[in-house]
Amino acid sequence: MRMAVRRERLCLRKPFQTSYGTVSERQLLVVSLTDEDGVVGYGEAAPLASYDGVSLGRVERAIELYRPILESDDAGRSGAEIVDACRRADDVPQAFAAIELALWDRAGHRIGKPVSALLTDVPAMDVQVNATLSALDRAGAAEQAAHAVERGFECLKLKVGVGDDAGRVAAIRAAVGSDVQLRVDANGAWNVEEAVRSIEELAPAGLELVEEPVHGIEATRLVRDRVASRVAIDETAAEHGALTAKVADAVCLKISRCGGISGLLAAAALVRASGAEPYIASTLDGPLGIAAGVHAAAALASRGPLPACGLATLSMFEDFDDTLVPMRGQIAVPSAPGLGVESL
Ligand SMILES: [Mg+2]
């Protein structure tokens, strides 16, 4: 196999504010793997240093360490063996996720099937997704919420821990009525006492779930014991033992943090076995990362209930031709071979 790597950049239409900082652009690495027959697969690394502490340069160094593994002519290795060898060479999930995605994409192109059909016999055809509301003021949040519901979204997600949380939540609920699910994400902005107080303040508006109110397994357990709202972990899911810790009602999984599609599906199986619900979100990934999330979600949805996934984020980028546009709150799983989207 031959590997090529390039940097790509996507700018957000508007800076996106979260409790861990403001994101105004995304730098991604696009990896292509070309096999001896000329079949190409594309993957993508989407680290976000302010969020996961992993820089693009760190991922680039890891991928260069993978090059001799990928370009050796050791025929007959499975994709899983190649990814395992990469992990042993440098254990950076954001980096070997790019390799893993490219191997799935290439495998799909080789046999002319979408990745979802390689993952399960009966993949879902559509995946329910949430709309992401970015406005920091009440009127703006209400307007975004009403627009999203008009477009058919049944689940809205709002970052909290960034200012007037109670005012925005109340304004959104007033704008969309009681049937729409409202998910909030604090990105661990609160300590236990702040989280309990904030959730009690927001809960009367009706919350589908509160994602990452605090960081850490034990802190999450303390919060969940004291609130009636459903609690999810996201960043905390990276902690050793978190997937089976039974401290949350739901667990947000990410392609880049799980090291690709296989790692995500394995994590989701652990979560389900422990009695919680997995769902998938992106870290403002590019098209290949989002497509990988959609294919993984199609496999998960065929095996059990799947809450709305945070994969409707490509429309936040400017000058970008999005082919994974949600319709009526759902993204259609690509039916073309491989991941089914163009690389940047
Ligand atoms: Mg989150």
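In this predicted model, D185 stands opposite E211 of strand β8. Strand β7, residues 181-185, pairs with β8, residues 209-211, in the parallel sense through three bridges. Both strands belong to an open sheet of seven strands; a separate group of three strands forms another open sheet, with antiparallel pairing.

**The seven-stranded sheet**

- The strand order is β5-β6-β7-β8-β9-β10-β11, and the pairing is parallel.
- From one strand to the next, the twist averages 30 degrees.

**The three-stranded sheet**

- Strands follow the order β1-β2-β3 in this open, antiparallel sheet.
- β1 (2-18) and β3 (40-45) form the edges, and because each pairs with a single strand, one side of each lacks a neighbour in the sheet.
- Neighbouring strands here are turned against each other by 20 degrees on average, with direction ignored.
- Strand β2, residues 21-34, runs antiparallel to β3 and is joined to β3 by six bridges.
- L33 has G41 of β3 as its bridge partner.

- Helix α4, residues 93-111, lies across β2 and β3, and runs at about 155 degrees to β3.

How values were computed. Residues numbered from 1 in each chain as written. Predicted model: local features only at pLDDT ≥ 70, side-chain atom pairs only at ≥ 80, totals over all residues. Pairing = 2+ DSSP bridges. Helix = DSSP H or I, 4+ residues; strand = E, 2+ residues; numbered from the N terminus. Axes fitted to C-alpha atoms, helices over the stretch in contact; angles between N-to-C directions. Contact = placed C-beta atoms within 7 Å.
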